[in-house]
Amino acid sequence: MLNKQEILDYLTVEDPQELFSRADKVRKEEVGDDVYLRGLIEFSNHCRRQCGYCGIRAGNHDIVRYRMTIPEIIACAREAKSKDYSTVVIQGGEDMAATADWMAEIIESIKAETGMAITLSLGERDLEEIKLWRKAGADRYLLRFETGNQKLYETIHPSLPGKKSDRFEVLSQLRELGYEVGSGVLIGIPGQTYDSLAEDIVRFGEIDLDMIGVGPYIPHPDTPLFTLPKAESGQVPNSVEMACRVVALARLVCPKSNIPSTTALATLEGVSGRLQGLSCGANVLMPNFTPAKYRQLYEIYPAKAVLSEAQTDLTEWLESIGRHRGKGRGDSPNRLLRG
Ligand code: SAM
């Protein structure tokens, strides 16, 4: 396991090539050449939160809000199934009109009809809700802690009135309930230092994450973070290269976890960004199955890239880069090891 100083050295070394090669080797040894595809369904852009970085924050009145209907969500899952996907990721803002029972009905229906693994990414919901969804058949949950630096976190992710936001607490509840647990951070948030990012990466190992999703912070002009000052010294850049360093370090710290090459990488550098992620430790892609009319409204940052199955033959593309499309559910080897 790398210690904090070794992580810091890798974050700041001039040429990261040795890090990338090392992470790619570990990826091959620990999780192989398979790349698992997850069908992403962005079901709602309603959100009760005021995250300073996010375009769908409650305070942004310049976007049109939507919430897909249950039949629409199930139709997306059906489409993913017809394309041989074995996992769907249901993601959205913290939308309280998506009640626990409503979501449980969706989970049960998708499970009964398709048998696919179901990943939820619904923000900080109550223990009773995540319990119900686990019972209904949800397998995995993604909740980035964004930054472990408490002061910075409070600035970018205000708590709800009377309820302190504690994503680490939710992550440990998810683990208790038997979910495959995924988390991660934003890279290059104004005010984020190398030191704090290195601590976050150490934390990935301490929590023993089953899935790790990281990506560069992409400024959105209609959010408060757009004008937040950078750290006076040691500011982490929000570049693809820095995000790839973090992907690589995540692979070294949690060798058996599932790590996606995220949409934000592709947004900044297209196919090349996606490929860079896969070349330095990632083993998952998340093509988007959200209907086009909603997809453009899920604007967490400007000009979000969309990896659509319809646009690219991913099976062929993966073969062309020496990788293979993974078959089956692609459960996290880290979670399987834990038993
Ligand atoms: N509401 C859920 C939550 O907060 O976990 C899921 C949806 S949220 C939009 C998913 C992720 O989008 C967040 O964890 C955050 O890291 C990322 N995100 C939001 N705004 C972003 C931005 N401006 N640049 C890069 N990533 C962003």
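What share of the 339 residues of the protein chain count as buried?

1. **Burial.** The answer is 58%. Keep in mind that this is a predicted model.

2. **Make-up and overall form.** The protein chain holds 13 helices and 11 strands. The C-alpha trace spans about 50 × 45 × 40 Å along its principal axes.

3. **Contacts along the sequence.** Take the contacts between residues at least 6 apart in sequence. Of these, 79% join residues at least 24 apart.

4. **Surface and charge.** The accessible surface of the protein chain is about 13,800 Å². Carbon and sulfur atoms account for 52% of that surface. On the charge side, there are 41 positive and 48 negative side chains. The centres of these two sets lie 3 Å apart.

5. **Strand β4.** This strand covers residues 117–121. Buried residues make up 5 of its 5 positions, so β4 is largely enclosed by the rest of the structure. Ala117, Thr119 and Ser121 point one way from the strand. Ile118 and Leu120 point the other way. Residues on both sides are buried.

6. **The partner of β4.** Which way do β3 and β4 pair, parallel or antiparallel? The pairing is parallel, over 5 bridges. Strand β3 runs over residues 87–92. One place to look is glutamine 91, which stands opposite serine 121 in β4.

Definitions and conventions: Residues numbered from 1 in each chain as written. Predicted model: local features only at pLDDT ≥ 70, side-chain atom pairs only at ≥ 80, totals over all residues. Heavy atoms only, no water. Helix = DSSP H or I, 4+ residues; strand = E, 2+ residues; numbered from the N terminus. Buried < 20%, exposed > 50% of the residue type's maximum accessible area, 1.4 Å probe, protein only. Contact = heavy atoms within 4.5 Å. Areas by Shrake-Rupley, 256 points an atom, 1.4 Å probe, with all protein chains shown as cover. Lys, Arg positive; Asp, Glu negative; His and termini not counted. Charge placed at Lys NZ, Arg CZ, Asp CG, Glu CD. Pairing = 2+ DSSP bridges.
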